[in-house]
Amino acid sequence: MQRTKFIVFYSCLLLVGLFSFASGPRAARKPTLFLIGDSTVKNGKGKGDGGLWGWGNFLPAYFDTTHISVVNNALGGTSSRTFRTNGLWEKVQVNIKPGDFLIMQFGHNDNGPLADTARARGTIKSNGEESQEIYNPIKKQQEVVHSYGWYLRQFIAEAKAKGATVYVCSPIPRNTWTAGKVNRAATDYGQWAAEAAKQGGAYFIDLNRIVADKYDQEGEAKVRSTYFNTTDHTHPIEAGARFNAASVAEGLRGIKKNPLAKYMVKGR
């Protein structure tokens with residue numbers, strides 16, 4: 001009787017092994033590259049609303065999407081503060097898995113008022129630990145507002161806690177010029193983004209500098225006529241968004257020992 005039980009048990013193990021072999025090894029989960037930010041990352045619904053585009057629409061062309069997914073969760077009108085307080089970050093964060101990636105770019109909307117009745121989306125202009133309690137007239141409740149850098153560091157820490165690799169971009173330059181040179185963010189949002197990335201242990205892409213250097217080389221007249229329309233100084237047309245996506249890819253390739261590099265298309 002005992003011998004019979006052993007034979008049955010062994011036969012079951014053999015069948016399980018044969019089934020596992022026949023079904024093949026379990027496919028590895030494809031990682032996801034999440035993008036978060038404002039309208040310069042995804043304008044409107046991401047379909048060229050008003051002829052304006054974000055660079056996040058064109059970044060997937062630089063990746064082998066058979067091995068990595070690129071998901072653009074940016075939303076126009078948001079700041080580093082309101083992307084969090086309006087629940088957008090929570091919806092991204094819950095989907096992050098170990099081995100995923102996150103690229104963020106905020107700053108264009110962070111310089112607004114803290115408590116106006118139109119947006120109430122501004123952040124304290126620094127990378128420090130300052131905070132200010134305000135009454136938010138839109139949400140009709142008290143709110144503690146922090147610095148731009150503080151919000152970036154929160155995104156970094158929470159994404160890394162989920163096992164993601166994080167990249168912070170300084171904001172693309174606006175189409176505003178002084179004495180033939182495009183205005184840069186080197187002493188404010190670009191600087192604070194770099195500091196927050198370093199403090200949080202994230203990679204930094206100085207997108208503002210990369211794009212601004214190219215703008216200066218091409219000249220004000222060409223940039224205005226090629227990458228923007230005549231009514232908007234912040235949001236580029238398709239050519240400008242493609243230009244910015246190429247600049248993000250350039251920044252990624254410039255990072256030593258970059259774990260995202262193996263997913264990027266060679267020669268682009």
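## Cores and salt bridges

Arginine 184 counts as partly exposed, at 36% relative accessibility. In this predicted model, the side chain of arginine 184 meets that of aspartate 213 in a salt bridge (2.8 Å, N to O). Here is a quick tour of that pair, the other bridges and the nonpolar cores.

**Around arginine 184**
- Arginine 184 sits in the loop between β8 (181–182) and α5 (189–200), while aspartate 213 belongs to helix α6, 29 residues apart.
- Aspartate 213 is partly exposed too, with a relative accessible area of 27%.
- A network of salt bridges links Arg184, Asp206, Arg209, Asp213 and Asp216.

**Other salt bridges**
- The structure holds 12 salt bridges.
- One of them joins aspartate 100 to arginine 29, with the closest N and O atoms 2.8 Å apart.
- Aspartate 100 lies in the loop between α3 (88–93) and β3, and arginine 29 in the loop between α1 (2–23) and β1, so this pair ties together parts 71 residues apart in sequence.
- Aspartate 100 is buried at 0% relative accessibility, whereas arginine 29 is partly exposed at 46%.
- Arginine 153 pairs with glutamate 129, the closest N and O atoms being 2.6 Å apart.
- Arginine 153 is buried at 12% relative accessibility, while glutamate 129 is exposed at 58%.

**Nonpolar cores**
- The largest nonpolar core has 38 residues, and Leu33, Trp55, Phe63, Ile103, Leu252 and Leu260 have the most contacts inside it.
- Helix α8 gives the most to this core, with six residues.
- Beyond its neighbours within four places in sequence, leucine 260 is in contact with residues including Leu33, Phe63, Ile103 and Leu252.
- A second, separate core of 24 residues includes Met104, Phe155, Ala159 and Val168.

Key
Residues are numbered from 1 along each chain as its sequence is written. This is a predicted model: local features need pLDDT of at least 70, side-chain atom pairs count only at pLDDT 80 or more; totals for chains, interfaces and linings use all residues. Side-chain values use heavy atoms; hydrogens and water are left out. A nonpolar core is a set of buried Ala, Val, Leu, Ile, Met, Phe, Trp, Tyr and Cys residues joined through side-chain atoms within 4.5 Å. Buried means under 20% relative accessible area, exposed over 50%, partly exposed in between (1.4 Å probe, protein chains only). Helices (H or I, at least four residues) and strands (E, at least two) are DSSP runs, numbered from the N terminus. Contact means heavy atoms within 4.5 Å. A salt bridge is a side-chain nitrogen of Lys or Arg within 4 Å of a carboxyl oxygen of Asp or Glu.
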